[in-house]
Amino acid sequence: MGAVLEGASVGQAGQALVDQASAAAVRESVRVPAPQSDAPRREILFRRRVSLRHAIRELWHFRELIVTLAERDLRVRYKQAVLGVAWAVITPVVMMLAFTLVFTKVTNFSKYSPGVPYVLFSYIGLVPWTFFSTCMQAGGLSLVSNVGLLNKLYCPREVFPIAAIIDAMFDALIASLVLLVLFPIEGFAPKVEVYYLPLLLIPLMAFTLGVTLTVSAVLVYMRDLRLLLPLIVQMGLFVTPVIYPPSVLTTSEPVLVAWSVANPLVPVLDGLRRTILEGLAPQWIPYLAGTASSLLILLGGFILFKRLETGIADVA
Amino acid sequence: MSAPPVGTIEATEVWKRFRSDDRPSYLQDQLARARDRVRGRSRPSYRWALREIDLRAAPGESWALVGANGAGKSTLLKILSRVMYPTAGEVRVAGRVGALIEVRAGISPLLTGRENVFLTGSIMGLKRRDVAKRFDEIVTFAELEHAIDRQVKYYSSGMQMRLGFGVAAFLEPDVLLVDEVLAVGDAIFQQRCLDRIRTVLAEGATLMFVSHDLAAVEASCANGVWIHNGVIQAMGPVRDVLAAYRAAVEGEAADSRPDIEGLLKVRDVHASAPDGGLPSTGGPLSVSFSLHAEQRHRAWVYLGVSEGAATPIFLINPGRETTLEPGETQVQCEVQSLPLPSGRYYLWGGIYENWTNGNELIGWQPLTHFDVYGPELDAAPRAVVRLSPLHVESSWEIGQAA
C-alpha cells in the first residue's frame, strides 16, 4: 500500500473523530435534565372538582353515544336470544304467574286491596321492580364489562350505566304492554288516577340512577361484589312491597315514612297500586319522604361516581 | 386562558403514580388494606410511573415516543387520551382524539363490523352522518367488503385489526395516538397503516407514535421523545433523539457482559481499519480477537454487525469449520468493503460446534463496538421503513428518452 493512500486513510480517521464528537454533541443537545424533586409540587396535584353543571353539559354532549351504547346492548342481547324481544315479557309474566299461584292459594293478600285482582296487583309491582333490579345488575356491571372501551377513549364514564338503564327502560316498556292484555282478561279497568304516573316515576328513576351509578363505580374497585349482587336483588324483593302491599307489614304512618326513606321504591310501588288499581291519590307524606331520599341518593351516587371515576383506568 | 388551536397536545408537569402493592381488586383485599391502615401497620406504597413530563405538540406535528418496556410510554398515551388521570399536572388535548391503542379491545365481538364502525365513531364524538360519510373508505381500507355485516367474532384477528385501525384512522382525528399497533398484522398491512398515518398527518392531524420499531418511527415522525423510567431523557428532532436512545441502549447491551466466556474465552477484541484508525464507508474493516480453549474443539465462528440489537445488519463466517487446539488461537478477519454509513455499530459474535445448529461454545453476544466515518444515511421517503442502514454506491442517468 502506498504512502499516499496511507496518509489519506489517517486523514479520514482524523475527520471521523471530529464527526463522532459532533454526533455526541448532537445527542447531548437533545438531552433533557432529570427532574429535581422526587414528588410533584403540592400546587399541581390533581384535584377532582365535580361541577354538576359541567358534568351535565358534558353528558348532553355525549347523548348520541348513550343512544349508540344502549342500542348496541339491545342488539347484542336480542341477537343472542332465540326468543328475542319476548324475553322482556317472559320474566315478569312468569314471576307474576308464580307469585299469583303462591299468594292466592297459600296466603291471601286480597283482603288488603279488596276488589283488585292479585294478577294485576303483582304485575304492576313486578314491572318496576324488574326494571330496578335489572338496572342494578346490568348497569352495575356496565363499567367492568366495557373496560375495553374505557381504556381507549375518553367519554364521561356515566354513559355506560345510563345506557344500561335505557335498555332496562326499553324492556320495562315492552313488559308494560302486557297490561293491555291483562286488564281485559281480568275484566278490570285502570282508574283515571293513572295521571299520577309521571309523579311516581320521579323517585323511581332517581333512586335507580343513584343506586346504579354507585354500584357500577364501586364494583370496579371491588370485583367480588358482583357475586353479592344477585343476593342483594333477592333480598330486595322481600324488603320491597313488590308482591305484598305495605299494609301487610305496617299501618303506622311514621314507620311507613321511615321505610320510604330507606327504600324509595316503597311509595312508588304503593302509589302505582293506589292510583292505577284503586283510584286513590298516592300517600303524600311517604311519597315526599321517598322522593327527597331518592334525590339525595342520586346526588350522593353521582358525586361518588365522579370521584371514583378518575381511578377507573388505573385499576381496570 | 384561551383555548389552544385544535390538534394541540399540551402536558405540563405531569406526574403519575400507581399503587405498587399488587393486591387484586377484591373486597377482601380492600378490607385487608383498610385494616392494615387502621392498625398503622403499612402505609400504601406507590411507584412513580411518570415524573415531570413536559410536552408540547403543535397541530400537525408528528412525535415519536420511544423507550424500553415499562418506561411509561403507554401510560403517557393513556393520559393524553384522557382515559387515565394524572396524579399531578395538567393535560390539554384540543380536538377529536383517534386512539390506536389496543386496537381490537374496543370492538364488540357480538356486533357486526358495520355496527362497530358507528359505535367507535360515536365514542370519538362523531355524528352518525359523519361516520356514514367515511364508511365506504373504512370498509375499502380494511378489505371487509364481504364481511362488514358479519359479526366481528367470526372475523380473523387480522380482520379485526384492520377494522380497528380503519375506524380510528379514517374518522378524521385531530390528534392520532398510536401505540405499538404495527407489531400485529403482516408486512403489507403494516406498510398500508404507515401510509395511512402519513395521510392523516398530511391532513393536518397531530401524531403521537409509540413503537419499538425504530425504523418505522423514524420514517413517520419528525420529532422524538425518549422516556426512561418515567422521565423524559431526550426530546427534539427524531434522528437525534433516536441516536441518543440507541447509544444508551447499545452501551447498556455492550456493557452488560464484560467477560466473554463460554466453553471458550474471548480476549482482545479489536475492530478497526487495518491501520488501526476508524473504518470508513466503503473501506476495509479489520477484526481480530484471540480464543482460549481448554480442550480441542471443532468450531464455526460467526460475526455480525448491528446497530445494537441482536439482529445483525449482515453476518460473516469463514465458510468452513475451524479446529481449535487447546491454548490460544488468534482469529483475524477482514471485511474488504464496509457497506455502512456513518454511525456507531456493534460487533456481535458467536461460536458453535456445528454448522447452523450446534452447541454454543460462545453464545451470540456483543463483542465490541466501532464508529464508521462516511456519508450520512440517506433519508427514506416518508412512511417507507428501511430494514437495515446500508450504504450502497450507485450511479444514475436520468434524461429525456430519445
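Predicted model: local features only at pLDDT ≥ 70, side-chain atom pairs only at ≥ 80, totals over all residues.

Guide: The C-alpha centres of domain 1 of chain B and domain 2 of chain B lie 40 Å apart, where domain 1 covers 9-251 and domain 2 covers 257-372. The contact between these two parts draws on 4 residues from domain 1 of chain B and 5 residues from domain 2 of chain B. On the domain 1 side, the residues that touch domain 2 of chain B are made up of 2 nonpolar and 2 charged residues, with no polar ones.

We can now turn to the sheets of chain B, beginning with the open sheet of 6 strands, which follow one another in the order β5-β6-β7-β3-β8-β9 and whose pairing is mixed. At its edges stand β5 and β9 of chain B, each of which pairs on one side only, and from one strand to the next the twist averages 15°. Within this sheet, strand β6 (residues 175-179) of chain B pairs with strand β7 (residues 206-210) of chain B in the parallel sense, over 5 bridges; in that pairing, B:Leu177 stands opposite B:Met208 in β7(B).

Helices pack on this sheet as well. Helix α6 (residues 187-202) of chain B touches β3 (62-66), β6 and β7 of chain B, and its direction makes about 155° with that of β6(B). Helix α5 (residues 157-170) of chain B, for its part, lies across β5 and β6 of chain B and runs at about 160° to β5(B).

Another open sheet of chain B consists of 3 strands in the order β10-β11-β15, and here the pairing is antiparallel. Because β10 (264-272) and β15 (327-335) of chain B each have a single partner strand, they stand at the edges, and one side of each is left without a neighbour in the sheet. The twist in this sheet averages 15° from one strand to the next. Between β10(B) and strand β11 (residues 285-293) of chain B, which run antiparallel, there are 7 bridges, and B:Ser272 has B:Ser286 in β11(B) as its bridge partner.

Chain B also meets chain A, in a contact that takes 54 residues from chain B and 48 residues from chain A. On the chain B side, the elements that each supply at least two residues include β1 (9-19), α1 (27-38), β2 (46-57) and α8 (238-255). By class, the side of chain B that touches chain A divides into 30 nonpolar, 13 polar and 11 charged residues.

The crossing in which α5(A) passes α9(A) is right-handed. Among the residues of α5(A) that take part are A:Pro128, A:Phe132 and A:Met136, while those of α9(A) include A:Leu204, A:Val211 and A:Val215. Taken by class, the contact of α5(A) with α9(A) has 13 nonpolar and 6 polar residues, and no charged ones.

Definitions and conventions
Residues numbered from 1 in each chain as written. Chains lettered and ligands numbered in written order. Pairing = 2+ DSSP bridges. Helix = DSSP H or I, 4+ residues; strand = E, 2+ residues; numbered from the N terminus. Axes fitted to C-alpha atoms, helices over the stretch in contact; angles between N-to-C directions. Left-handed = near helix turned anticlockwise from the far one by under 90°. Contact = placed C-beta atoms within 7 Å. Nonpolar A, V, L, I, M, F, W, Y, C, P; charged D, E, K, R; others polar. Domains from an automatic or database assignment.
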